[in-house]
Amino acid sequence: MERTKQPKRRRAERYRRIIIAIGLFIVLDLIVLAATLFLSHQILEDVATVNLAGRQRMLSQRIAKTIYAAEAEQSTAQTANGTLSELKAATALFDSTLRGFTVGGGTLGVNGQELRIKALEGEAPRNILRRAAILWTPYVALIDPLTGEITPAAETIRKASEYSKINSNKLLDLMNQLTAALEENVADKTDILRLVQIVGVVLALANFAFIVFKLIGRLRAQDALVKQQQRENAQIFATIRDGLFLLHPDGMIGSQMSASLPTVIGKRVAPGDDFLSVLETLVPEKEHEAAKEYISLLFGDRVKESLVASLNPLSQLELRAADGGGDVGKEADSSASRFVSLQFSRVKGEKNEMGVRQTTHLLVTVHDVSERVRLIQAVKDAEMRAQEEIKGLLDLLELEPAVSRRFLNDTEQSLDAINDALRGAGQTRDYPSTISEIFRRVHHLKGEAAAHSLSLFETLAHRFENILSELRDRPNLKGEDLLAIPPHLEDIYSRTAKLRSLAERMTSKDAHLTQNAASGHEFGYMLEALAEKVAINQKKKVRVTADVPDFGSLPDSKATMLRDIAIQLVRNAVVHGIEATNERVISSKTESGNIHVTLKRLEADKFEFAVRDDGRGVIPDHIRESLVKSGRYSRAEADSLDERTLVMKLFEPGISTSPTVDSDAGRGVGLDVVAEKVKIMGAQIRLGSRPNIYTQFSVTFSSAA
Amino acid sequence: MMRLLIVDDSNIIRSRIMRIVLAGTLPGAQIVGLARDGAQAVMMFKAHQPDVVTMDLTMPNMDGVKCIEEIIAINPDVPILVVSALADKATAISALRKGARGFLNKPFTEKQLIAALKEVISNDE
């Protein structure tokens, strides 16, 4: 509060000086005006007095002249009344004027009107008047008898004439002196008036010059202050790292904005641009509409600003690298997105007639919040990873200890094999083969995980497959492309080790780990569970029957490989063999597809394992399409293949008849794995099929090592 | 004196708002109605003319946005606080465009609700 008062006081002090100067200017002008009026009035009065004094000169001469005329007329006995009347009037006028000069009083003016005159002041006029009175008093006494009678006596005229001849010129001289004295007085007052006017004008001009000087000084100081403020504002706007500008109610960006705004939002913008048009290029239409509504709400004064901030649709705006469009983007990884936060604050204007301060602008600040968003995402990822691991652990704990241990062992062996394949790729430089090898391993791992309902490993393997699929389809595969693989490998390694450690701590040390845990019953159950799971994913209905009583009697090596083959074949049957429910209904089949898994002992050590489904069968044309789609065969080459050759192509890597890629199919790896295992087992595989009736894979093998 | 109408289809939320409001932090606060959908809210509003309304957005019979529109048509000056989840910002903004004065995100704390109610009934800008 004190800080705000001080500048106000300083401002008041500066204005007071100017106001005082202007006041002085006015007072001075008034004084000069009053003095001028007063002196002018006095001068006018004095001029009138001078005129009266001048008339006295004339009257003194007229009195003498009429006396002489009366004397001459009397000598000729023709005294006229007109001469005496003129004498009487002149005498009365001279007398009243002289009395007025002496004591004040009324007389007739030079224009014949009644006039009040003041007694003259000053030593010189008074002295002249005294001397004039001495001459006039006897003079008027001699004249009075002449004017009172119709025919005055000759003696009376003669006495007056003699007195006049002696004193008339004296009286005239006195009146001349009086006139001169009065004229001198007028001249003095005129000089005073001129002086007053000159001094007044000089002082007024000086005061005016002072005011102008002060005002110019103030204007220059204010100009300097404004320039300094503009400089400081420009420095702030040039330095601040956030985007900052004022938004007008018509959606226009204000005249000043921070230099970093285009960089922060990745778009060229300039003062005066339409903000909503700029926004239109940054956000989807729905968000743009919401932003428009939100801004409109803030310009209205109904909603409470603090209670709508959470609805800001631009509080976390994702700017993809492409959004920058090469405009003004940061030099960043082109695949990385940036996040910015636009915050709006009301700027209030002066109070209106209702006493309410209305929103005139919105202050918009734009922050780069990429780091914060990334941290939040990292926390979410960590939480998801932890949840996945807990789920993975719980899934593992649901299995028989021997089964879970074997799964983990198998997984680690697969990962070791992948690692070896990667190392070997450096020497052979046959990268496509390496990718295919790794693909088979990962797909096998995924199948195992799915069969045991271990969703964590299934998910990890599926993510791994996404990378491998992308690498496999890449033309001119290079050694450095394989660098994308180790992080995934390491991820599965570390999670396997962690889950193994946790699972071993939580399971009893006395757990009975029998090698025969995977009994025929368990094997059948596993395949049923797998089929059910894949069917749910594929939105199909499937019923599995497993008749595998001799599975438990197989040696471990054969049992493991047969399990891998069974997993792929059952998955294959659900995905490719069994039709969608509506398709089956149209074909007059039951809604649920049927898969029958059998293991028959043909001889003492010879077995046949078969997976049969009652689905659509193998359709050669579908295989042809897949071959063309894979890019490995031209249309002509595919068309030239006979049905037997076509069927055999199913066992090649990268060939799949599935139109889409998901966790269950589409990679073209399943039967590739089967073919590899069959080869290792020294077994034979046959495929029997009739369109729309059935498909059966039969594997004949010996249990001997 | 603040006479409040609570509108929410969740019994839990209605009870929670009521408990917080009646706990004494808001002197003179009084609940004049608990409505579980928009239609019921409009009827209660006409009957009791409350000073302030808390409004959910997703409700059966009549949703919050429509309900706000009808209440504002009856009394344009009544302060309405939208109390809803932040799933759809566009709907919430639409509710404010219809005349609500503020928004409180679910879930909320006692302190947040009290502060929002005080803010929404204040005459400050």
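1. A salt bridge is taken here as a side-chain nitrogen of Lys or Arg within 4 Å of a carboxyl oxygen of Asp or Glu, and the count between chain B and chain A is 1. The pair is E293(A) with R97(B), whose closest N and O atoms are 3.5 Å apart.

2. The model is predicted, with local features needing pLDDT of at least 70 and side-chain atom pairs counting only at pLDDT 80 or more, while totals for chains, interfaces and linings use all residues. Residues are numbered from 1 along each chain as its sequence is written, chains are lettered from A in the order in which they are written, and side-chain values use heavy atoms, with hydrogens and water left out.

3. Between chain B and chain A, about 1800 Å² is buried (accessible area, 1.4 Å probe, lost on putting the two parts together and summed over both), and carbon and sulfur atoms give 56% of that area. The contact, meaning heavy atoms within 4.5 Å, takes 20 residues from chain A and 23 residues from chain B.

4. On the side of chain B that touches chain A, the residues divide by class into 12 nonpolar, 4 polar and 7 charged; Ala, Val, Leu, Ile, Met, Phe, Trp, Tyr, Cys and Pro count as nonpolar, Asp, Glu, Lys and Arg as charged, and the others, Gly among them, as polar.

5. Elsewhere in the description of chain A, L30(A) lies in helix α1 (residues 2-75), helices being DSSP runs of H or I with at least four residues. I22(A), I26(A), L30(A), L33(A) and L37(A) together form a nonpolar surface patch with about 470 Å² of accessible area, where patch members have over 30% relative accessible area and no salt bridge, and nonpolar side chains are joined within 5 Å.

Note on methods: Patch = residues over 30% accessible without salt bridge, like charges linked within 9 Å, V, L, I, M, F, W, Y side chains within 5 Å. Areas by Shrake-Rupley, 256 points an atom, 1.4 Å probe, with all protein chains shown as cover. Helix = DSSP H or I, 4+ residues; strand = E, 2+ residues; numbered from the N terminus.
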